[in-house]
Amino acid sequence: MDFAPIKTAVIGYGFSAKTFHLPFISSMAEFELCAISSSQAESVKNDWPAVDHYQTADDLLNHSDAELVIITAPNDVHFSLAKTALENNKHVIIEKPFVTQVEDGETLVALANKQQRVLSVYHNRRWDGDFLTVKKLIEEGNVGDVKHFESHFDRFRPEVRQRWREQTTNGGGILFDLGSHLIDQCLDLFGLPDAITAQCLMLREGSSNVDYFNVTLHYPNHIALLHGDLFSAAPNQRFSLKGTQGSYEKMGLDPQEARLIAGVSPTEPNWTKEAPEHYGNLYRAEAINPVTTEPGNYQHYFEKMAEAIRKNSRPPVEASDAIWTIKLIELAMESSRQGKTLVIEK
């Protein structure tokens with residue numbers, strides 16, 4: 001590393017901050033964790049005694065000397081917090097989803113350009129090992145011309161829980177939560193589709209936001225089906241990739257999240273490596289072959305973010321690209337309401 005560590009603050013001290021951000025910020029030489037804002041003062045001070053604690057996000061944004069702020073607060077305040085951070089000349093990472101309305105995202109992109117600050121969205125699933133494997137299979141032509149792509153993020157949570165993600169009507173529900181991952185990955189693989197057809201439903205008793213989605217993206221020569229529900233007790237059917245030369249099927253989830261939850265440090269060797277029994281299979285007419293899963297690498301996001309700030313390179317996820325994920329979420333909801341396929345204006 002040939003630059004000074006980036007003073008970094010984290011807004012929020014919940015699951016996302018503890019699992020997906022702090023393990024990297026605290027272990028990578030590119031960053032210096034300097035502040036955390038949370039109402040959980042005692043927990044923050046016990047866990048991070050050398051780090052400044054702020055009771056509110058506004059206090060941190062207005063008084064911390066952080067250069068970079070990571071926003072892990074609930075979705076409905078992403079816009080207001082990012083706007084304040086940019087107005088205070090701070091670089092910003094926003095936990096997905098970017099915002100809850102397209103107009104808010106466009107405002108933030110314009111403000112970041114005006115302030116000459118780096119604004120990025122934490123679409124870390126671009127660095128899942130199974131997704132990197134799918135990407136490699138496509139790039140190397142291992143299934144021929146792609147005709148059908150299917151991506152699932154299913155869970156078994158048949159009862160509504162008292163969590164903001166399941167209660168709020170502005171940016172809550174699994175389409176914003178899990179669906180944003182699947183849409184972002186699909187856009188990364190194939191670019192913008194021509195049309196969208198979707199079912200976005202509330203199927204659980206007492207649900208106030210989407211807990212089931214089935215989104216079909218129509219491309220000129222193939223279909224992409226993105227699905228998420230909370231009624232899947234069986235193992236997750238993660239990817240299905242079908243083409244003119246064969247198909248690839250992958251079960252289960254990338255191991256990085258589970259290992260981070262278990263306390264595995266991202267500094268440990270091979271911490272992202274998947275066990276052979278979890279590899280997906282490549283099916284051809286004459287043979288079935290397991291495919292070694294590419295190593296995942298959430299560190300890559302943070303490495304690229306540091307280079308964007310210090311070396312003026314492109315951020316790992318462009319905020320302008322993340323706007324399209326929100327646009328497709330809005331179009332999916334509208335398609336479901338109208339019960340028809342909608343053409344996407346590019």
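Mentor: Let's settle pairing before anything else: two strands pair if DSSP finds at least two bridges between them. Helices (H or I, at least four residues) and strands (E, at least two) are DSSP runs, numbered from the N terminus. This is a predicted model, in which local features need pLDDT of at least 70 and side-chain atom pairs count only at pLDDT 80 or more, while totals for chains, interfaces and linings use all residues. Residues are numbered from 1 along each chain as its sequence is written, and side-chain values use heavy atoms, with hydrogens and water left out.

Trainee: Good. Which residue in β3 stands opposite I36?

Mentor: Look for H53, which faces I36 from β3. The strands involved are β2 (residues 31-37) and β3, and they pair in the parallel sense over 3 bridges.

Trainee: What order do the 6 strands of that open sheet take?

Mentor: Reading across, you get β3-β2-β1-β4-β5-β6, and the pairing is parallel. At the edges sit β3 (52-54) and β6, each pairing on one side only. From one strand to the next, the twist averages 25°. Helix α1 (residues 15-25) packs on this sheet and touches β1, β2, β4, β5 and β6. Contact here means heavy atoms within 4.5 Å. The direction of α1 makes about 150° with that of β2. For the angles, axes are lines fitted to C-alpha atoms (for helices over the stretch in contact), and values run from 0 to 180 degrees between N-to-C directions.

Trainee: Let's jump to α4. Which of the residues in that helix are buried?

Mentor: In α4 (residues 78-87), the buried ones are H78, L81, A82, T84, A85 and L86. Buried is under 20% relative accessible area, exposed is over 50%, and partly exposed is in between (1.4 Å probe, protein chains only).

Trainee: Which residue just after α4 takes a positive phi?

Mentor: N89, with phi at about 60°. You'll find N89 in the loop between α4 and β5. At 44% relative accessibility, N89 counts as partly exposed.

Trainee: Where's the cis peptide bond?

Mentor: Between K96 and P97, with omega about -5°. P97 belongs to the loop between β5 and α5.

Trainee: Switching to the open sheet of 9 strands, what's the order there?

Mentor: It goes β14-β13-β12-β11-β7-β10-β9-β8-β15, with mixed pairing. β14 (288-291) and β15 (342-343) are at the edges with a single partner strand each, so one side of each has no neighbour in the sheet. Helix α8 (residues 174-190) packs on the sheet, touching β7 (146-152), β8, β9, β10 (223-229) and β11 (237-243), and its direction makes about 20° with that of β9.

Trainee: How do β8 and β15 pair, parallel or antiparallel?

Mentor: Antiparallel, over 2 bridges. A195 stands opposite V343 in β15. Helix α11 (residues 319-338) lies across β8, β9 and β15, at about 70° to β8.

Trainee: How many residues of β10 are buried?

Mentor: 6 of the 7, which makes β10 mostly covered. β10 runs parallel to β7, joined by 5 bridges, with L226 in β10 as the bridge partner of S151. β9 and β10 run antiparallel, joined by 7 bridges, and form a hairpin with 4 residues between them. In that pair, L217 has A224 of β10 as bridge partner.
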